[in-house]
Amino acid sequence: MVVTFWVLALAAVVFGFGVFRLNSMAQVTFSLLASFLAVAGLVLLLGLGYLGVVIVLMMVIEMVIMAIFMIMYMMNPAGLMPMAMYHNKPGAMTISVGTFVLLATGILLVDWPQRTGAPAPDPTFALGRALMGEQMLTMMTLGITLFATIVATVVLSTGRGRYDRLGDDLDARSADDPLGGGVGR
Amino acid sequence: MDDPVTVPPPTAALAWWWALLLPLVLIVVAWSAAAVDAAVEARAAGRPGGLTVPAHEVTRLLVGQRRRTLAADPVLWRAGAVVLPVAAVLAAVVIPLGTRPVADLGVGVVWFNAMEVLAWAAVWMAGWGPNSVLSLVGGYRFVAQGLAYELPHMFAIITAALGAQSLRVGDIIAAQQDLWFVVIMPVAFVVFLVSAAAMAFWGPFDAPVAGDLAGGAASELSGVDRLLFLGGRWLLLTAAAAMAVPLFLGGGAGPLLPAWAWVLVKTLLVLAVLVWARRRFPTIRMDRWSEISWMVLVPLTVAQALVVSIVVLAQGGL
Amino acid sequence: MTIELFLLAAAGLFAIGLYGALSQQSIVMLMMGLELMLNGVILAAAAFWYFLAPAGTEGQVLIVVVVTAMAVEMAAGFAVATAIYRARQVDMTDGAADLKG
């Protein structure tokens with residue numbers, strides 16, 4: 001168990017470093033994914049089966065999509081011509097090292113309280129109960145937020161609005177789309 | 001360590017050495033399906049035999065040389081080929097071989113789905129690695145296809161979990177003692193099969209490795225890498241077919257034969273349907289399939305999940 | 001395994017992410033940094049849940065919230081990056097500093 005912890009924790013941090021050390025954007029993305037998978041392993045190690053597996057599921061999907069955008073918006077996606085794209089590197093280094101030192105001091109100096117209680121026999125079930133019970137408001141807020149995100153991101157990122165698709169008076173019989181699609185609209 | 005982490009003990013799992021046998025079992029099932037598939041193809045082409053084609057292919061690929069391309073990304077390229085079969089075997093650990101799985105996880109169906117999704121990363125990496133246009137286009141195609149079909153796939157799986165009120169695969173089988181879920185939730189079953197084929201870029205969904213891209217994501221793979229990639233695809237398909245059995249077809253339930261035999265028979269039947277579908281339907285363009293998924297399958301599966309949850313509530317569940 | 005070790009690992013991830021978010025010019029790399037910071041938060045939340053209050057579910061709910069925040073962050077970030085790129089071919093943060101005081 002202790003060995004697993006050290007392996008996973010080191011992997012999470014090393015692959016995290018890799019994100020800003022590697023040149024190829026594809027490798028950067030999958031380095032971040034590896035860091036996430038290591039953290040998912042640590043979450044599993046703590047007995048949170050559902051959340052650990054969901055992190056794996058979500059992060060694989062998220063990072064594959066991330067890779068597409070990485071390659072779309074980077075000048076040098078494959079890292080064949082290494083280039084440095086930084087600003088204020090010393091400042092950033094100072095701030096982040098300072099943050100780590102501050103956090104580490106706090107972590108080591110705080111007198112952590114004793115563990116109270118034991119995990120529920122099935123933490124997944126307890127989480128579901130909580131989300132559908134006393135944390136219902138949290139869950140509903142998350143749901144609305146995600147829905148708002150879907151609408152907002154589509155509106156922001158699309159280059160074509162309804163007037164492009166259906167004409168100036170929105171009276172075209174079928175939408176003018178660059179790709180047809182399978183439902184025959 | 002003064003504070004041992006509480007890991008729930010695996011209650012109904014097979015002995016640990018089954019973990020070593022599981023890849024073998026998967027390979028044997030996938031191999032027989034591939035052999036029959038090759039025999040059907042040989043017969044359609046008017047050639048005799050065909051049953052030995054998988055053996056020939058495996059031997060040929062094992063001794064084949066690795067193709068090299070200019071400015072390739074070997075790390076991701078090799079990783080892509082290796083991850084695919086590994087993901088298939090990992091996905092299969094929660095499937096009961098008979099009555100008990102190799103690992104009896106409390107969140108079995110989520111685990112299965114998470115491991116299946118690793119195939120996305122694998123195919124994209126295999127497409128990206130060789131620094132070749134056609135294979136990268138194939139990788140991108142699979143990302144779009146996976147994204148479109150992951151949602152119906154997830155909803156179909158969750159509907160079965162909903163009917164059993166548990167994420168554990170064993171509980172889902174137990175809930176089907178009276179009536180198989182395929183009867184209660186036919187839409188979810190059909191969508192599961194369709195999306196399982198899409199997740200394994202199989203049958204009419206094989207645009208990511210289609211001929212119009214000279215093999216797509218697999219176009220630059222050769223030798224052992226190609227064997228791992230294409231074999232991994234067969235394994236993934238087999239794992240998905242085997243998962244349909246506990247989710248919708250009552251697991252090992254059946255007369256006369258023991259549970260493991262029924263699981264095998266049902267798995268082979270589902271696999272036969274998937275293999276038949278590839279021969280029966282042509283590859284359909286990506287844009288068509290994607291829109292069908294978003295506009296038809298997602299609403300259908302949501303409606304199916306809603307119906308099942310209302311029935312569960314009406315029967316006094318939770 | 002103690003809470004200190006878990007939190008130190010989380011703090012390490014957070015600090016690396018912070019460095020990336022502050023120093024990278026590319027919008028996409030900046031978002032990688034943010035994701036890495038949230039990665040640390042997930043680990044810290046899981047550790048707090050396990051070592052301090054395993055009987056409750058607040059720690060688990062916090063992880064759900066953080067995972068959702070990651071999805072929202074990435075979707076919104078890429079939507080903004082796409083919009084700004086569409087408008088004037090900007091893919092670096094320095095090119096979009098109009099509102100800088």
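These are my notebook entries on how the chains of this predicted model meet, and on a few residues I looked up along the way.

**Ground rules**

I worked with a predicted model, where local features need pLDDT of at least 70, side-chain atom pairs count only at pLDDT 80 or more, and totals for chains, interfaces and linings use all residues. Residues are numbered from 1 along each chain as its sequence is written, while chains are lettered from A and ligands numbered from 1 in the order in which they are written.

**Entry 1: chain A against chain B**

I began with the contact between chains A and B. I found 31 residues of chain B in contact with 30 residues of chain A; two residues are in contact if their C-beta atoms, placed from the backbone, lie within 7 Å. Which elements of chain B give two or more residues to this side? I noted α3 (74–92), α4, α5 (133–164) and α11 (286–314) of chain B. Helices here are DSSP runs (H or I, at least four residues), numbered from the N terminus, and strands are runs of E with at least two. The largest share, ten residues, comes from α4(B). By class, I wrote down 23 nonpolar, three polar and five charged residues for this side of chain B. Ala, Val, Leu, Ile, Met, Phe, Trp, Tyr, Cys and Pro count as nonpolar, Asp, Glu, Lys and Arg as charged, and the others, Gly among them, as polar.

**Entry 2: a helix pair across A and B**

Next I looked at one pair of helices. Two packed helices are described by the angle between their axes and the distance between the axes. Helix α3 (residues 49–73) of chain A packs against helix α4 (residues 108–128) of chain B at an angle of about 20°, with the axes 9 Å apart. Axes are lines fitted to C-alpha atoms, for helices over the stretch in contact, and angles run from 0 to 180 degrees between N-to-C directions. That angle makes α3(A) roughly parallel to α4(B).

I then listed who meets whom. The α3(A) side includes Y50(A), V60(A) and A67(A), and the α4(B) side includes V110(B), N113(B) and W124(B). The residues of this contact divide into 17 nonpolar, one polar and no charged.

**Entry 3: chain A against chain C**

I moved on to chain C.

**Entry 4: the core**

I checked the largest nonpolar core, which has 191 residues. A nonpolar core is a set of buried Ala, Val, Leu, Ile, Met, Phe, Trp, Tyr and Cys residues joined through C-beta atoms within 7 Å. Buried means 20 or more other C-beta atoms within 10 Å of a residue's own, exposed means 12 or fewer, and partly exposed lies in between, with C-beta atoms placed from the backbone. L42(A), V43(A), V60(A), F192(B), A244(B), L43(C) and A46(C) touch the most other members. Leaving aside neighbours within four places in sequence, L43(C) is in contact with V39(A), L42(A), F6(C), A9(C), A10(C) and L13(C).

Most residues other than glycine have a negative phi.

- Q165(B) has a positive phi of about 55° and sits in the loop between α5 and α6 (169–174) of chain B. With 13 C-beta neighbours, Q165(B) counts as partly exposed.
- A214(B) also has a positive phi of about 55°, and its place is the loop between α8 (186–199) and α9 (223–248) of chain B. A214(B) counts as partly exposed, with 15 C-beta neighbours.

Last, I asked: is Q65(B) buried or exposed? With 8 C-beta neighbours, Q65(B) counts as exposed. Q65(B) lies in the loop between α2 (53–63) and α3 of chain B, and its contacts beyond four places in sequence are S222(B) and G223(B).

Conventions:
Parallel < 35°, antiparallel > 145°, perpendicular 65-115°, else oblique.
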